Amino acid sequence: MAEKTEALHPTVKLKVAGEDAVIGDIEFTMFYNQVTSASFSTHRRIDAFESAQNVTGEKVANEVGNMQKAMFEGKPKECVITMNDGLEGERTIKAFTTEPGYSLSSGQVNYRRSMIHRDCLVDALDLSIYAAQPQLPEGKNLVDIDPEEINVRILDILHAGIESWEAQHKKGVQSSTVQDILTQAKHEANKKNLKALELILENSKMGFSELKGEDWLSESMRKNTLNMRIHGVLTQPTGSTFATMLQLADEFQCVYIPGIEGVGKLVNRDLIFEDVKELSLPIVSLHIACGNPGMLPLANIHVVAGLECLPESETMNPALPYAAAWPKKPIEGGAYMRISAPAWSVGMTNFAGSGGAVNPKELMDIDNVIQYMTEERGQDVTKKKEESTNKLLEHWAKSSYRWMSLRSATATVVVPFNINVKEGKFYKVQDINSGSIFSGLLIGITHVVSAQNATGEARTSLTFSHVESGGFQLPFKD
């Protein structure tokens with residue numbers, strides 16, 4: 001632990017349109033799969049010639065009421081917060097102010113509110129209005145959308161759905177039904193906020209290594225399955241497009257890394273684990289918990305590619321010849337876990353994007369698929385598809401094993417205010433005085449700066465998952 005802590009002189013500056021205020025305290029939080037946010041209090045600067053008696057409770061209430069009114073008029077105030085840790089780090093966050101409030105006490109007025117990063121605009125989208133099968137120009141369809149990068153594929157499918165909707169509505173007669181008026185209003189709102197989702201996808205690194213350089217997508221049925229699944233998830237009515245984005249990210253083993261100066265991004269978990277950084281800190285306090293009480297280690301992960309068939313009278317789940325497990329030799333004394341492969345992992349005809357249902361009259365079990373492929377595409381194609389699918393599922397099992405085995409092994413480190421530590425990285429952490437302590441994935445950062453008391457406060461809390469303490473390394477992770 002740190003023996004000495006140098007005196008810091010951090011600064012936190014706030015700019016809010018139409019206001020002249022200073023921050024009293026701020027708690028700034030960013031966690032993976034969550035939008036960056038902060039809670040802060042401000043003190044209004046009072047002119048020397050203005051009597052404090054003029055700052056009445058009614059006046060303060062009216063000011064906060066105006067902020068509240070602006071929120072419901074679609075005019076949230078933008079703010080810029082610049083944090084300098086007094087060392088070498090400075091970061092600037094552009095965001096929206098939310099949750100205006102205040103507290104009154106003898107001789108003091110505290111305005112309190114929150115801020116949220118601009119990535120929150122993703123939740124202003126309603127993509128369910130584009131759920132109809134896209135009609136692409138020149139007689140093309142979804143199977144013709146075929147970029148290598150997953151994030152680009154998602155963007156192209158998103159744009160195809162929107163452009164198809166616009167083309168259909170230009171052809172038709174304008175309707176005055178409540179449904180059509182509401183749908184058109186949603187489309188106009190989507191156009192204003194779509195850039196938020198586009199920027200996140202453009203900034204993302206979702207590259208799924210087993211899809212690159214392989215013949216996995218050479219089968220047109222499989223491309224259609226993948227693209228239909230993406231379109232189906234994007235346009236499902238969930239009530240939260242941000243939650244939909246996280247669901248789609250999880251289907252490709254990705255997580256959302258929140259943005260600060262720029263936008264957030266979706267990053268493949270394997271890419272995070274592969275990019276190991278060293279982090280030396282003057283640790284003030286440390287807490288490590290290497291797993292939940294009573295939790296057995298994972299013996300292995302068994303991944304099965306499933307297909308849901310829905311006959312008219314009953315539900316049937318036919319077994320498919322695709323499965324993989326990792327570690328191949330299970331760990332003794334551990335718990336076995338079986339999970340389903342992603343819905344797009346096996347190409348099927350008549351695949352319904354969000355539901356995954358198949359018409360049983362055309363496809364009742366895997367034997368029909370194999371027969372179809374053998375007759376229409378040749379036995380070599382069938383064998384090649386089976387080999388590539390099994391390779392994909394083995395990769396999925398191996399990656400899932402590493403993610404799930406240590407996700408509850410956590411560490412919380414408190415250090416003096418440090419704005420330089422970057423979120424969403426895998427670190428080898430060491431104390432500047434005592435050496436190496438653990439390795440782990442930095443999943444959360446909280447900065448607290450306060451000038452509310454005589455001594456003040458400036459600290460940073462770092463939350464890690466997938467912790468490997470001391471010299472321990474997860475067996476079979478490589």
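Predicted model: local features only at pLDDT ≥ 70, side-chain atom pairs only at ≥ 80, totals over all residues.
Strands here are DSSP runs of E with at least two residues, numbered from the N terminus.

Start at Trp326 and Pro327: the peptide bond joining them is cis, and its omega is near -5°. Where does Pro327 lie? You'll find Pro327 in a loop, with strand S13 (323-326) on one side and strand S14 (335-340) on the other.

**Positive phi without glycine**

Next come two residues whose backbone phi is positive even though neither is a glycine. His466 has a phi of about 55° and sits in strand S19, which covers residues 457-469. Phe476 has a phi near 65°, and its place is in the segment after S19.

Is His466 buried or exposed? His466 counts as buried because its relative accessibility is 3%, and the cut-off for buried is under 20%. Phe476, at 43%, is partly exposed.

**Cysteines, but no disulfides**

How many disulfides does a search of the whole structure find? The search comes back with zero. For background, a disulfide is a covalent bond linking the sulfur atoms of two cysteines. As for the cysteines themselves, Cys79 is buried, whereas Cys290 is exposed.

| Residue | Relative accessible area | Class |
|---|---|---|
| His466 | 3% | buried |
| Phe476 | 43% | partly exposed |
| Cys79 | 1% | buried |
| Cys290 | 54% | exposed |

Key:
Residues numbered from 1 in each chain as written. Heavy atoms only, no water. Helix = DSSP H or I, 4+ residues; strand = E, 2+ residues; numbered from the N terminus. Buried < 20%, exposed > 50% of the residue type's maximum accessible area, 1.4 Å probe, protein only. Disulfide = S-S within 2.5 Å.
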